[in-house]
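Keep the sequence and the 3D view open while reading.

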Amino acid sequence: MNDVEGKVAFITGGGGGIGLGMAEVFAEAGMKVVIADIRQDHLDAAMAGFENTNFQVHAIKLDVTDRAAFARAADEAEAVFGPVQIVCNNAGINMFSPMDESTYDDWDWIMGVNLGGVINGVQTFVPRITALGQGGQIGNTASMAAFITGPGAGIYTTSKFAVRGMTESLRWSLAPYNIGVSVLCPGLVNSTIYESDKIRPAALSGAKGPVDEGFMKRLAELHKVGMDPVDVGGKVLAGIRANDLYIFPHPEFRDELREIFDEILVAVPEGDVDPQRLAFEEGRREAAARAKAQAK
């Protein structure tokens, strides 16, 4: 979608961080922007930043795990600005603890927001965009954790791998409707995602104790060196215009990704392939190639 001026964009997690960076860049490019966020204080601060501008921005408080609320937010966005054609499913949370110490509440909370929120955004808006028949763009925020694993934040990593796989598959499904699909995989960003515990719902708090304020202060210092969200937003806009499948804002991961995929290739065995299995795989690859060509 190269011509974005006048288009309506809906951004979850739009009250701060990457979402707000997208909103600022999109508005500057002439889009009408709806920012949705679970934190009213973030929405208020974001909207204050748009005062004394000519930008068209509207704020909606939204819990992305609430499907009925998502539908109402879509209705409100359409009532204010008209049909939405660009959707950025960006809302996300994190929890920094080992998987072996995690609870069902931890899993339900993180997967519900990071994966469930993306699913709800797709299910809410894709039928509306396809019915409009004018094409569009879906952008789902994953993370470099969709490729790179480590000993911490395992549930977060699980959710981001899922978002990546979902987005790659969705791209081929929506290509016939002229709807592009991208997955954003950022590294460290100057955001407040480290405050996720502050918005954890009581129903999913489990046996978790109070927020560790000292740990949060250390995370705040760490995130200050992250990429400016506006810079990330600029890369997202470029990716939308080019209909890129992958949007990687951070160049520092190139060598690490190469090592990961080299390890994968080394693990694939050599040997003769059964002709019947090969015929099946060749048919699948041909279908995938056709879908990829259509999605470009």
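Which residue in β4 is the bridge partner of F10? The bridge partner is V87. The model is a predicted one.

## The sheet as a whole

Strands of a sheet pair through backbone hydrogen bonds, either parallel or antiparallel. Here 7 strands make up an open sheet, with parallel pairing, in the order β3-β2-β1-β4-β5-β6-β7. At the edges stand β3 and β7 (residues 246–247), each with a single partner strand, so one side of each has no neighbour in the sheet.

Strands β1 and β2 run parallel and are joined by 5 bridges. Within this pair, I11 stands opposite I35 of β2. To get from β1 to β2 the chain passes through helix α1 (residues 17–28), and this β-α-β crossover is right-handed. Strand β2 is mostly covered, since 5 of its 6 residues count as buried.

On to β3 (residues 56–61), β2 is joined by 6 bridges, and these two strands also run parallel. V33 stands opposite V57 in β3. The chain crosses from β2 to β3 through helix α2 (residues 40–49), in a right-handed β-α-β crossover.

Strand β4 (residues 86–89) runs parallel to β1, with 3 bridges between the two. In β4, I86 and C88 point one way while V87 and N89 point the other way; all are buried. There are 4 bridges between β4 and β5 (residues 136–141), which run parallel. Here I86 stands opposite Q137 of β5.

Further along the sheet, β6 and β7 pair in the parallel sense over 2 bridges. L184 stands opposite I247 in β7.

## Helices on the sheet

Helix α1 lies across β1, β2, β3, β4, β5 and β6, and it runs at about 165° to β1. Helix α3 also packs on the sheet, where it touches β1, β2, β3 and β4. The direction of α3 makes about 160° with that of β3.

## The nonpolar cores

The largest nonpolar core holds 43 residues. Those with the most contacts inside it are F10, L62, V84, F125, I138 and L174. Strands and helices both supply this core: β1, β2, α3, α4, α5, α6 and β6 each give at least two residues. The largest share comes from α3, with 6 residues.

What is F125 in contact with, leaving aside its neighbours within four places in sequence? The contacts are F10, F70, A74, V84 and V87. Apart from this core lies another one, of 28 residues, which includes A9, M22, C88 and I240.

## Charged pairs

Side chains of opposite charge can pair when their charged atoms come close. The structure holds 7 salt bridges. One of them joins the side chains of R128 and D75 at 3.0 Å, N to O. R128 lies in helix α5 and D75 in helix α3, so this pair ties together parts that are 53 residues apart in sequence. R128 counts as partly exposed because its relative accessibility is 25%. D75 is likewise partly exposed, at 43% relative accessibility.

The side chains of D106 and R200 meet in another salt bridge, at 2.6 Å, N to O. D106 belongs to helix α4 and R200 to the loop between β6 and α7 (residues 213–223), so the pair ties together parts 94 residues apart in sequence. Are these two residues buried or exposed? D106 is buried, with a relative accessible area of 7%. R200 also counts as buried, at 11% relative accessibility.

A further salt bridge, within one helix, joins the side chains of E168 and R164 at 3.2 Å, N to O. The two residues are 4 residues apart in helix α6, which means about one helical turn separates E168 from R164. Both E168 and R164 are buried. Finally, salt bridges that share partners join D75, E78 and R128 into one network.

Note on methods: Residues numbered from 1 in each chain as written. Predicted model: local features only at pLDDT ≥ 70, side-chain atom pairs only at ≥ 80, totals over all residues. Heavy atoms only, no water. Core = buried A, V, L, I, M, F, W, Y, C linked by side-chain atoms within 4.5 Å. Buried < 20%, exposed > 50% of the residue type's maximum accessible area, 1.4 Å probe, protein only. Contact = heavy atoms within 4.5 Å. Salt bridge = Lys/Arg side-chain N within 4 Å of Asp/Glu carboxyl O. Pairing = 2+ DSSP bridges. Right-handed = clockwise from strand over helix to strand, strands pointing away. Axes fitted to C-alpha atoms, helices over the stretch in contact; angles between N-to-C directions.
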